[in-house]
Amino acid sequence: MTPDYEYILKYGDPRVAAYPLTDSESTMCYLIAIYFVLVKLVLPMWMKNRPPYDFRRAMIVYNLFISALSFYIFLNFGVYGWFTKYQLRCEPVDYSSNEEALKMVQMCWLFFATKFMEFADTPGYRGRGVSIGGDQLIVIGSGVGQRNWL
């Protein structure tokens with residue numbers, strides 16, 4: 001491990017210690033690597049001589065779920081922070097264990113988790129045989145974006 005990563009683990013926020021994907025950088029990196037291999041190697045080879053799958057209904061349900069979850073996160077960020085307590089400028093982090101602070105921690109983690117849920121977009125499009133414009137940018141942006149949360 002790098003010294004910076006050891007510092008983050010040692011002095012990081014103890015309130016997120018029990019949340020999935022926050023205890024180790026390696027799990028997150030493995031998920032990103034599996035995503036890259038799946039999207040860039042496995043799925044293109046799998047779909048090469050196959051007809052496209054019909055994922056329209058599943059994608060509609062998925063998109064509705066992600067949209068509803070994003071709205072829920074937005075509302076909670078507002079209710080427990082931006083609409084009430086915080087202002088739209090830099091403010092110190094609230095490391096307390098009061099309800100508002102813990103709810104903001106939960107919403108931040110949930111927002112982080114949705115970035116991994118959004119991995120399902122690209123394989124869904126690949127399986128449908130849809131050509132994705134700016135494919136490299138989408139795949140790299142999806143994979144690297146999660147790593148930046150560490």
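Begin by selecting the buried residues of helix α2, which are Glu-25, Met-28, Ile-32, Tyr-35, Val-39, Leu-43 and Met-47; buried means under 20% relative accessible area, with a 1.4 Å probe and protein chains only. An α-helix has 3.6 residues a turn, so residues three or four places apart point the same way. This is a predicted model, in which local features need pLDDT of at least 70, side-chain atom pairs count only at pLDDT 80 or more, and totals for chains, interfaces and linings use all residues. Residues are numbered from 1 along each chain as its sequence is written, and side-chain values use heavy atoms, without hydrogens and water.

Next, select Val-39, which lies in helix α2. Val-39 counts as buried because its relative accessibility is 0%.

Now display residues 25-47, the whole of α2. A kink of about 40° is centred on Leu-38; this bend is the angle between axes fitted to the seven residues ending there and the seven starting there.

Finally, select helix α3 (residues 56-82) and helix α4 (residues 99-117), which pack at an angle of about 155° with their axes 9 Å apart. The two helices are therefore roughly antiparallel, a term for angles over 145 degrees, on a scale from 0 to 180 degrees between N-to-C directions. For the contacts (heavy atoms within 4.5 Å), show residues including Tyr-62, Phe-65 and Leu-69 in α3, which belong to the set that meets residues of α4 including Met-104, Met-107 and Phe-111.

Conventions:
Helix = DSSP H or I, 4+ residues; strand = E, 2+ residues; numbered from the N terminus. Expected span 1.5 Å × (residues − 1). Buried < 20%, exposed > 50% of the residue type's maximum accessible area, 1.4 Å probe, protein only. Parallel < 35°, antiparallel > 145°, perpendicular 65-115°, else oblique.
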